[in-house]
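Hi everyone, thanks for coming.

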Amino acid sequence: MVALLVISIAILVWGFVVGFESNGGQAVDTLIYWAYIMIGLALASWVIVGGIVSAKNDPKSILKTIILIVAIAAVCFVAYLLAPANPAVGREGLDEIGKLKLTDTVLNLTYFAGAAAILAIIIGEIRLAITNKK
């Protein structure tokens with residue numbers, strides 16, 4: 001874990017030394033790829049460690065975890081399908097549809113997460129108000 005932190009700091013320092021806008025944005029690309037690697041490691045750790053711990057505590061929870069992963073994948077797929085891949089205003093020169101689709105997918109996932117959080121707060125407060133009246 002410390003090694004990943006050291007590598008992250010080293011890449012960040014290298015980006016500042018080289019310059020983020022020089023060399024065709026190579027430092028930015030490296031940081032983005034490293035972020036992808038870190039997110040992948042975090043997700044893999046969550047699934048593997050969480051799966052092992054939950055399997056030891058309750059073997060039936062593996063099915064719940066699989067259902068949760070499938071549901072998350074379905075939400076990501078819907079967000080991908082809804083992503084229009086339109087270039088940002090003032091950035092019409094970017095023609096890489098794959099990158100545009102990916103960024104729009106992440107934006108859609110952010111919208112979904114924000115709406116889910118607001119809905120959870122509202123439902124939680126309503127539930128709390130109902131249970132406190134009794």
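This is a predicted model: local features need pLDDT of at least 70, side-chain atom pairs count only at pLDDT 80 or more; totals for chains, interfaces and linings use all residues.

Residues are numbered from 1 along each chain as its sequence is written, and side-chain values use heavy atoms, with hydrogens and water left out.

Now the answer: L100, K101, D104, T105 and N108 are the buried ones in α4. By buried I mean under 20% relative accessible area, with exposed being over 50% and partly exposed in between, using a 1.4 Å probe and protein chains only. Those buried residues of α4 pack against α3.

Let me step back to the whole chain. It has four helices and zero strands, so the pattern along the sequence reads α-α-α-α. Helices here are DSSP runs of H or I with at least four residues, strands are runs of E with at least two, and both are numbered from the N terminus. Of the 134 residues in the protein chain, buried ones make up 11%. Contacts, meaning heavy atoms within 4.5 Å, can also be sorted by sequence distance. Among those between residues at least 6 apart in sequence, 37% join residues at least 24 apart.

Next, helix lengths. The expected span of a helix is 1.5 Å times one less than its number of residues. Helix α2 has 32 residues and should span 46 Å, and its end C-alpha atoms are 46 Å apart, which agrees. Helix α4, residues 97-133, has 37 residues and reaches 54 Å from its first C-alpha to its last, close to the 54 Å expected.

Now for the helix pairs. Two packed helices are described by the angle between their axes and the distance between the axes. The axes are lines fitted to C-alpha atoms, for helices over the stretch in contact, and angles run from 0 to 180 degrees between N-to-C directions. Angles under 35 degrees count as roughly parallel, over 145 as roughly antiparallel, 65 to 115 as roughly perpendicular, and the rest as oblique.

First pair: α1, residues 2-18, and α2, residues 26-57. Their axes come within 9 Å and cross at roughly 165°, so the two helices are roughly antiparallel to each other. The contact uses L4, I7, S8, I11, L12, W14 and G15 of α1, together with Q26, A27, T30, L31, W34, M38 and L41 of α2. These divide into ten nonpolar, four polar and no charged residues. For the classes, Ala, Val, Leu, Ile, Met, Phe, Trp, Tyr, Cys and Pro count as nonpolar, Asp, Glu, Lys and Arg as charged, and the others, Gly among them, as polar.

I7 sits in helix α1 and is partly exposed, with a relative accessible area of 37%. I7 and W34 are 27 residues apart in sequence, but 9.2 Å apart in space, C-alpha to C-alpha. W34 is one of the buried residues of α2, along with A27 and S54. The buried residues of α2 pack against α1 and α3 (61-82).

That takes us to α2 and α3. Their axes come within 9 Å and cross at roughly 155°, so this pair is roughly antiparallel too. W46, V47, S54 and A55 of α2 meet S61, I62, T65, L68, I69 and I72 of α3. By class, that is seven nonpolar, three polar and no charged residues.

What about α3 and α4? Their axes come within 8 Å and cross at roughly 125°, which makes α3 oblique to α4. On the α3 side the contact has V75, C76, A79, Y80, L81 and L82, and on the α4 side K101, T105, N108, L109 and F112. Here the classes give eight nonpolar, two polar and one charged.

Last stop: the loop between α3 and α4, where we find A85. Is A85 buried or exposed? A85 is buried, with a relative accessible area of 11%. Leaving aside residues up to four places away in sequence, A85 touches I97, L100, K101 and D104.
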